[in-house]
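These are my notebook entries on one structure, kept in the order in which I looked things up.

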Amino acid sequence: MKLTVVGCSGSFPSVDSPCSSYLVEADGYRLVVDLGNGALGNLQKHTGLYDVDAVLLSHLHADHCIDLCAYWVARNYRVEGCPDPLPVYGPTGTADRLARAYDMPEKPGMTEVFDFRDLADGARLALGPLTVTAALVNHLESEAYGFRIEHGGRSVVYSGDTGICPDLVELARGTDLFLCEAAYTHGKETVESIHLNGRQAGEHAARAGAKRLVLTHIPPWTDAEHNRRDAAAVYPGPVELARAGAVYEL
């Protein structure tokens, strides 16, 4: 299984990275997890636009899903004709929300290009050779998910956007790589149920017994190295910062 960071900037693109998007590949199958602002451009560095097998959306904030509108254009107006509808797994109402974002009627919206399928807490999906488990996380009282993606006895867990969340610890139990958001700075932002800070991300990883921690979704105005140090102070394993273009082989 291979994980490629397509984009990792939190909230809005930075000069170095688009917003959240990750490509997971195994046995020739390609799964895109989130497709935030600017991610569609970077995605083309790593795979063809018509070689993706499915898209998985953690939640419906723009920095995680808005480039699906651009992806609709790329697929709908393809000179060679539109490929078969692409499976898109997301929270309830994904199809209608994206139609509104593109200012088109909700019916049919984008459904002739994307095959929208609703996620649910605890859902287990067989996506090609991958097994994906979805769990609700703690983000602004919205329907937001974290994912555990497994193949060949190895796993990657992606937090999505979340505040402190015991269910995320369980989802990440023993994972080989924990891709965890750390948008806040310890001692600075105090609003709960939105994001984790670096220290909290490290605490979640330590409780889960994760083997490796990669911090992501850090906004451009935040000192990412500060957050990495905070995580490393409470988590005994290796900690690093996600960067666009980074590849992890598991």
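Entry 1, the cavity. I asked how the lining of the largest cavity divides by class, and I found eight nonpolar residues, no polar and no charged ones. I note here that the model is a predicted one. The residues that line this cavity are Leu3, Tyr22, Val24, Val33, Ile149, Val156, Tyr158 and Leu179, and I put its volume at about 40 Å³. When I searched the whole structure, I found one cavity of 30 Å³ or more. I then checked which strands contribute to the lining, and noted that β2 (21-26) and β10 (154-158) each supply at least two of its residues.

Entry 2, strand β1. Since Leu3 is in the lining of the largest cavity, I went on to look at β1, which spans residues 2-7 and is mostly covered, with five of its six residues buried. How many bridges join β1 to β2, and in which sense do the two strands run? I counted five bridges, and the strands run antiparallel; Val5 has Tyr22 of β2 as its bridge partner, and Tyr22 is itself one of the residues lining the cavity. I also followed the pairing of β1 with β14, which is antiparallel over three bridges, and there I found Leu3 bridged to Tyr248 of β14.

I wrote down the strand order as β6-β5-β4-β3-β2-β1-β14, which makes an open sheet of seven strands with mixed pairing. Why is one side of β6 and of β14 left without a neighbour in the sheet? Both β6 (114-118) and β14 (247-249) stand at the edges and have a single partner strand each, so one side of each stays without a neighbour there. I noted that neighbouring strands of this sheet are turned by 20° against each other on average, with direction ignored. For β6 I looked up the partner, and it is β5 (residues 86-90), paired in the parallel sense over five bridges, with Val88 bridged to Phe116 in β6.

I next took α3 (residues 67-76), which lies across β4 (54-56), β5 and β6 and runs at about 145° to β6. Is α3 largely enclosed or largely open? Seven of its ten residues are buried, so I recorded α3 as largely enclosed by the rest of the structure. The buried ones are Asp67, Leu68, Cys69, Tyr71, Trp72, Ala74 and Arg75, and what covers them includes α1 (39-43), α2 (62-65) and α4 (94-101) as well as β4, β5 and β6.

Methods: Residues numbered from 1 in each chain as written. Predicted model: local features only at pLDDT ≥ 70, side-chain atom pairs only at ≥ 80, totals over all residues. Heavy atoms only, no water. Pairing = 2+ DSSP bridges. Helix = DSSP H or I, 4+ residues; strand = E, 2+ residues; numbered from the N terminus. Axes fitted to C-alpha atoms, helices over the stretch in contact; angles between N-to-C directions. Contact = heavy atoms within 4.5 Å. Buried < 20%, exposed > 50% of the residue type's maximum accessible area, 1.4 Å probe, protein only. 1 Å grid on protein atoms, 1.4 Å probe; cavity = no way out; pocket = protein on both sides within 12 Å on 5 of 7 lines; lining within 4 Å. Points joined across faces, edges and corners; volume = space filled by probe spheres on them. Nonpolar A, V, L, I, M, F, W, Y, C, P; charged D, E, K, R; others polar.
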